[in-house]
Amino acid sequence: MAIIDIIIIAALGVFIFLRLRSELGNKSGTEHLPPAANRSPHANQQGNTENTQLSDVGTKEDSIVELEGDPVLRRAFQDIRRIDRSFNVPQFLNGAEGAYRMILEAFWSGDSKILKEFLADDICGQFVGAVDARVDAGQTLDNRLLDIDDAKIIEARLDKKNAELTVQFTSEILAVTRDSDGVVIEGDVSDAVIVNDQWTFARDLSSRDPKWILVATRAG
């Protein structure tokens with residue numbers, strides 16, 4: 001290749017590079033700011049990202065409460081948060097799902113200790129009574145919670161500082177009852193059923209104990 005050709009190619013490369021840098025460096029004024037550059041009223045002038053993230057958590061939760069479509073639920077959530085600022089709707093629902101799973105498995109296996117810890121006395125008596133009747137009949141439950149398809153708060157009320165939230169669970173459960181010989185007498189080991197439950201959890205908001213207790217159940 002002739003020297004003149006090399007010089008021409010090099011000059012063309014420099015021209016293209018400078019043109020690209022010029023174009024990419026221009027701002028039209030319509031570009032969106034990246035997430036880290038979004039301004040928060042609590043962010044300091046040095047752009048303290050830690051403070052921004054902390055404020056965003058509170059803002060997000062406030063937005064969830066404010067955007068609740070049901071005005072009755074919205075007011076109840078607001079009233080609960082006035083007493084307990086740590087109340088968090090998504091966090092509550094996550095805990096409710098965990099409690100739903102744990103209580104069902106405790107009932108199926110006959111674990112009265114778990115039932116007494118997370119159920120109010122009257123409903124605990126019903127659960128334990130059903131466990132005892134099952135044992136007396138020589139029956140066992142071979143049940144499995146396959147999935148919780150949905151969990152949403154459908155009722156909420158506050159009486160002074162006592163809050164009650166009712167959650168509707170839609171779940172897929174494999175429900176099988178066996179006799180003392182292990183023979184299936186009810187259910188199908190290969191067929192899951194869709195179950196709709198409405199569970200009401202209660203808590204004294206003035207208590208330091210963050211645990212919500214199951215106080216009522218019904219099908220729905």
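**A chat about strands, core and pocket**

Mentor: Start with β1 and strand β4 (residues 176-178), which pair in the antiparallel sense over two bridges. Two strands count as paired if DSSP finds at least two bridges between them. This is a predicted model, where local features need pLDDT of at least 70, side-chain atom pairs count only at pLDDT 80 or more, and totals for chains, interfaces and linings use all residues. Residues are numbered from 1 along each chain as its sequence is written, and side-chain values use heavy atoms, with hydrogens and water left out.

Trainee: Which residue in β4 is the bridge partner of T140?

Mentor: R178 is the bridge partner of T140.

Trainee: And what is the strand order in that open sheet?

Mentor: The order is β1-β4-β5, three strands with antiparallel pairing. β1 (140-141) and β5 (184-187) stand at the edges with a single partner strand each, so one side of each has no neighbour in the sheet.

Trainee: How many helices and strands does the chain have?

Mentor: Six helices and seven strands. Helices (H or I, at least four residues) and strands (E, at least two) are DSSP runs, numbered from the N terminus. Along the sequence the pattern is α-α-α-α-α-α-β-β-β-β-β-β-β.

Trainee: New topic. Which residues touch the most other members of the largest nonpolar core?

Mentor: F92, L115 and F201, in a core of 40 residues. Such a core is a set of buried Ala, Val, Leu, Ile, Met, Phe, Trp, Tyr and Cys residues joined through side-chain atoms within 4.5 Å. Buried means under 20% relative accessible area, with a 1.4 Å probe and protein chains only. The largest share of this core, 11 residues, comes from α4.

Trainee: What is F201 in contact with, beyond four places in sequence?

Mentor: Its contacts (heavy atoms within 4.5 Å) include F92, A96, A99, W212 and I213.

Trainee: How about the largest pocket, what is its volume?

Mentor: About 360 Å³. A pocket is an open set of points on a 1 Å grid over the protein atoms alone, where a 1.4 Å probe fits, with protein on both sides within 12 Å along at least five of seven lines; lining residues have an atom within 4 Å of a point. The volume is the space filled by probe spheres set on the points.

Trainee: Which residues lie nearest its centre?

Mentor: Q91, F92, P210, K211 and W212, out of 17 lining residues. α4 gives the most to the lining, with seven residues.

Key. Buried < 20%, exposed > 50% of the residue type's maximum accessible area, 1.4 Å probe, protein only.
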